[in-house]
Amino acid sequence: MNIGITSTIPIEVVYAAGHTPCDLNNLFISAADPSHLIRQAEDAGFPQTTCAWIKGIYGVLLENKIDTIIIVSGGDCSNSIALGEILKHDGKRIIPFSYPLKPDLKEIEQAINKLAGELGAKPDKIIACKQQLDPIRIRLAELDELTWQEMLVTGEENQLHLVSSSDFNGNPELFSTELENFLKNARKRQPTKKGVRIGLAGVPPILSKLYSTLDELDVAVVFNEVPRQFSLPWASQSSLAQQYSRYTYPYAVHGRLNDINKACKERNLDGIIHYTQSFCFRQIEDILFKRTLSVPTLTLEADQPGPVDGRTLTRIETFIEILKG
Ligand code: SF4
């Protein structure tokens, strides 16, 4: 059975129960016409002032036969909780998964066990699934290194692969084979040379041409903060609970800021673009990004899917000029 997920969760448990996780965000943004899915949600009553990702997920579920959805009820956002309530009323089976407030190992273990109980996943099967996924996560860490160390993988390719690791496209074997081929070909490339190195922090941008716009401005994106977190590159050295305790996204923002500052130093970043989604509570956290990050930071906001608009382009160009200066 396909099980929809609204954010990164311990998919090892879903696979161990014999189901296929399906990241609804990825289905939304890769749809032929994501705006159409948003309009469908608005026709169903979702306010215009609701985050487009939430509406997009609802639109996806109107068009796809996915009857069971794991909603992240703790560690994501209150919009997801409200979405779960609507979906339950629509007749879907909703399974809540809640990250604890702090990355406490015991509490994470309890949350994982609760999910395993709901889905009927056996402990030995969960371990076996982790052992199957860990080597793919190691390969994704290699892809990340090819991005920031070797300059053989573009920021956009990096983002696409890392974001897809939230569910491994529902088929880890195929994902692994395609990844191996990609890495093999990437190693044959010539390194790119760019004038400016930046990191992209925040939720994955809803804008379709942000990476190509930056590329045209002689900018290399060598750090995709949240997508890298989705890929859990440290997984192989830890238990499942440890693996998800190091995942910064669901916990206090300070963990994310430390992670970004570490990347600024390690990856020699000239600046950070902090992407925020319109109507998202994480826009408030931008205050701390501005106060805490060790490199110049530009905040970009977008609401709807589509290319970079003229005003945003001007702001990016000015920022890059400052970094070059
Ligand atoms: S972008 Fe913000 S408001 Fe929208 S689903 Fe993600 S966390 Fe929630």
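In this predicted model, helix H14, which spans residues 282–292, lies across the strands E5, E7 and E8 and runs at about 165° to E7. These strands belong to an open sheet of 4 strands, whose order is E6-E5-E7-E8 and whose pairing is parallel. Its edges are formed by strand E6 (219–224) and strand E8 (297–302), each of which pairs on one side only, and the twist from one strand to the next averages 30°. Strands of a sheet pair through backbone hydrogen bonds, in either a parallel or an antiparallel sense. Here, strand E5 (residues 196–202) and strand E7 (residues 271–277) are joined in the parallel sense over 5 bridges, and Leu200 stands opposite Ile273 in E7.

Turning to the ligand, one finds it surrounded by Cys51, Trp53, Ile54, Asp76, Cys77, Asn79, Val203, Gln277, Cys280 and Arg282. By residue class, this shell divides into 6 nonpolar, 2 polar and 2 charged residues.

The nonpolar interior remains to be described. In soluble globular proteins, nonpolar side chains tend to be buried together. The largest nonpolar core of this model has 51 residues, and those with the most contacts inside it are Val13, Leu24, Phe28, Ile57 and Ile70; helix H4 (residues 52–63) supplies the largest share of this core, 7 residues. A second, separate core of 24 residues includes Trp148, Ile198, Ala201 and Phe319. As for Val13, when residues up to four places away in sequence are not counted, Val13 touches Ile112, Leu115, Ala116, Leu119, Ala121 and Ile126.

How values were computed:
Residues numbered from 1 in each chain as written. Predicted model: local features only at pLDDT ≥ 70, side-chain atom pairs only at ≥ 80, totals over all residues. Pairing = 2+ DSSP bridges. Helix = DSSP H or I, 4+ residues; strand = E, 2+ residues; numbered from the N terminus. Axes fitted to C-alpha atoms, helices over the stretch in contact; angles between N-to-C directions. Contact = placed C-beta atoms within 7 Å. Near = placed C-beta within 6 Å. Nonpolar A, V, L, I, M, F, W, Y, C, P; charged D, E, K, R; others polar. Core = buried A, V, L, I, M, F, W, Y, C linked by C-beta atoms within 7 Å. Buried ≥ 20, exposed ≤ 12 C-beta atoms within 10 Å, placed from the backbone.
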